[in-house]
Amino acid sequence: MEASASSPRWGLLQRIAAAYGKMMLNPTYRVLVLLLGAPVHIFVYFYYWRERKSDPYVLALEDTKQELLASGYHDSLIEDIRDQQIRKHQFFQEEIEPQTLERQVAAIAASQFQAEAHEQTMARLRQHSQQRLTYAAAFQQLLESPLFVAISLVPGALMYVLILIFGSPYLKYIVERLLMSVFVIFGVAFLVFSILYISPMNPAANILGETATAEQIESFNQLYGLDQPYLVQLGNTLKGIATFDLGKSFAGNEEVTTAIAGKFPVTLTLTLISLVMAIIIALPIGIISAVKPNSVYDYTFMFIALLGLSIPSFWQGLVFILNFSIKLQWLPATYNPQNWLSIIMPTIVLGTGLTAAVARMTRSSTLEVINEDYIITAKAKGLSKRQILRKHAVGNALIPIITVIGLQFGGMLGGSAVTEKVFNISGIGSYIVDKQFIPDIPSIMGGVIYTAITISLINVVIDILYAFFDPRIRSKMKQY
C-alpha cells in the first residue's frame, strides 16, 4: 500500500530526493555521490536510458528539427556560414581548398542548428509546462519510491548517509568543517615533518653521543627507518597518524602515544582553566568599559589590560614565584598534581594575556554595537540599558570576541612551553621543547598532532558558535 503524501516516511523520501537534486549542482558532492553509490547508479543509468525513449524533450526535439529542415532554415544557415567563411579567408588573404571549406561550414552549421533546435525545443516544453528528463531527475523520481530506497539501501548506504548529511544544513556545516580540520592536521604533519627532515641535526649522533661509531649510527638509522627516502618516511609518518600509531621515541624507546597521553591532559587542563578565568574576568570588564567610555573605570581597566598584554609570561612567572612562593610562602613554586594550589600561579600567568586581549576586544566590539541604529531604536522604545545590553548589544558583539578567544586559546595551547618550564610542569609544551633538540621526530610529531587536533576541534566549536550567535550565517547555511 502506497504511503500517503502526509506520512513521515513519504516526507523523508521527498527530502532525500530534494537533497540529491541540490547535490548534483555541486561538482564535489556530485562526484562523491557517484562514487559512494556506484552500484545503485548502474541500475539508475539503465532505467534512465529506458525512460529516455519517452522523454518529451527527445520527441519534441525531433519534431523541431523536422520543422526547421522543412522551413529551409538549415539550407539558409549553410549559405550564410559559407559566405562568412569565404569573406573571412579573403580578409586574411588565406587560400583554402573547397573540400576543407565545406567541412568547416558543415561543422559550424551542425553546431548552430543543434543549438537552435535545443532552444526552440526547451521553449516548447516550457509552453506546455513540461520538463526534460535528465539523469538527476530520473534518480529523484526513483528516490521518491519506498520500494527502490528499500532495495538500494544496502548497496547505497554510504550514499544515503551523505545525502542525509547534505539535507541537514547544520549537520552539513559541522561535517564539512570536521573534514577541513582533517586536511589541516595532515597539512601540519607534512610541514612539520619536512622541516625536521631537512634539519641539520643528526638524531643518531645526538642520542648515541660523540663516541658513537659509524656502524652504530647506521644501525640506529636502520632501526628507526631514518635511512629510507623522504617520501617513504613521510608516508610511514602519515600512515601512523591515520592509524593512531605514533611509534616509539628515539630517546628512551617509549611509546609516543602513551607518553603524550600522560602529558597532554595537564596542558589542556591548564589552558582550559585559564580560558574560563579569562572569560569570567574579561567580559564584564570590557562591557563596563564600553558602557562608561572615557571614565575612570575605562582608563583603569584598559591600562591594566595593556599591562597584561605587555608583560612577558616568563618574567611574570618568576615574579610570582619570588613573591608568593619564596617571600610569602603562600603557594608552591612547582606544579604538583596532588596539590590544587600549585595550579593557581601557572593558570594566572597563562591566562593574563588572554584576559587582556578579550577585555580590549569586548570593549571595542561593544562600543561599535551600541552605536548601531537598532540600539537607538531599542532606546526609543523605552528599554532600560540592562535590557538593551542583554538582549541586543552583547549577543551581536560576541562574534569578534569569539574569534579572539579561539585564536588566543590556540596560541596558549601551543605556546604553553614557557609557563610549563618556569613552573616545572610536565606538559606537552615542555615535552616538545625537550625533544626538538635531538630532534626526536616521532615525539615531536605526536605532540604537534595532538595540539593540532585540539586546535582544529576548537575552531569547529567556534564555527558552530558563529552560527548560533549570528543569524546571517544560519540563513546562508540553509541556502546551500
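Author: Lys172 and Glu176 are separated by about one helical turn, because they stand four residues apart in helix α10, which covers residues 169-197. In this predicted model, the two side chains form a salt bridge whose closest N and O atoms are 3.1 Å apart.

Two residues named close by in the numbering make a contact of another kind. The charged end of Arg177 is placed over the ring of Tyr173, at 3.7 Å from the ring centre.

Asp83 and Arg87 both belong to helix α5 (residues 73-91) and are four residues apart, about one turn of the helix. Their salt bridge has its closest N and O atoms 3.0 Å apart. Asp83 is partly exposed at 38% relative accessibility, and Arg87, at 47%, is partly exposed as well.

The bridge between Glu67 and Arg124 joins two helices. Its closest N and O atoms are 2.9 Å apart. Glu67 lies in helix α4 (residues 56-70) and Arg124 in helix α6 (residues 98-127), so this pair ties together parts of the chain that are 57 residues apart in sequence. Glu67 is partly exposed, with a relative accessible area of 45%; Arg124 is also partly exposed, with 24%.

The remaining charged group to describe is a network: salt bridges link Glu79, Arg82 and Glu102. The count for the model comes to five salt bridges.

Of its 480 residues, 38% count as buried. The radius of gyration is 34 Å, whereas a compact globule of 480 residues would have a value near 23 Å. Along the principal axes, the C-alpha atoms fill a box of roughly 105 × 85 × 70 Å.

Phe324 is partly exposed, at 26% relative accessibility, while Trp330, at 59%, is exposed. Elsewhere, ring pairs link Tyr20, Phe43, Phe139 and Phe148 into a cluster.

A patch of about 760 Å² is made by Phe303, Ile304, Leu307, Ile311, Phe314, Trp315, Leu318 and Val418. Helices α15 (296-310) and α16 (313-327) each supply at least two residues of this nonpolar patch. Phe314, one of its members, is found in helix α16 and is partly exposed, with a relative accessible area of 45%.

Two loop residues complete the account through their backbone angles. Gln329, in the loop between α16 and α17 (344-369), has a phi near 55°, a positive value in a residue other than glycine. Gln329 is exposed, with a relative accessible area of 64%. Asn424 lies in the loop between α20 (417-422) and α21 (428-436); its phi is likewise near 55°, again positive in a residue other than glycine. Asn424 is exposed, with a relative accessible area of 54%.

To return to the requested part, the bridges described include two kinds of arrangement. Lys172 and Glu176 are four residues apart in helix α10, and Asp83 and Arg87 are four residues apart in helix α5. Glu67 and Arg124, by contrast, connect helix α4 with helix α6.

Terms used. Residues numbered from 1 in each chain as written. Predicted model: local features only at pLDDT ≥ 70, side-chain atom pairs only at ≥ 80, totals over all residues. Heavy atoms only, no water. Patch = residues over 30% accessible without salt bridge, like charges linked within 9 Å, V, L, I, M, F, W, Y side chains within 5 Å. Areas by Shrake-Rupley, 256 points an atom, 1.4 Å probe, with all protein chains shown as cover. Salt bridge = Lys/Arg side-chain N within 4 Å of Asp/Glu carboxyl O. Buried < 20%, exposed > 50% of the residue type's maximum accessible area, 1.4 Å probe, protein only. Phe/Tyr/Trp six-rings, centres within 6.5 Å; stacked < 30°, edge-to-face > 60°. Lys NZ or Arg CZ within 6 Å of the ring centre and 35° of its normal. Rg over C-alpha atoms; globule rule 2.2 N^0.38 Å.
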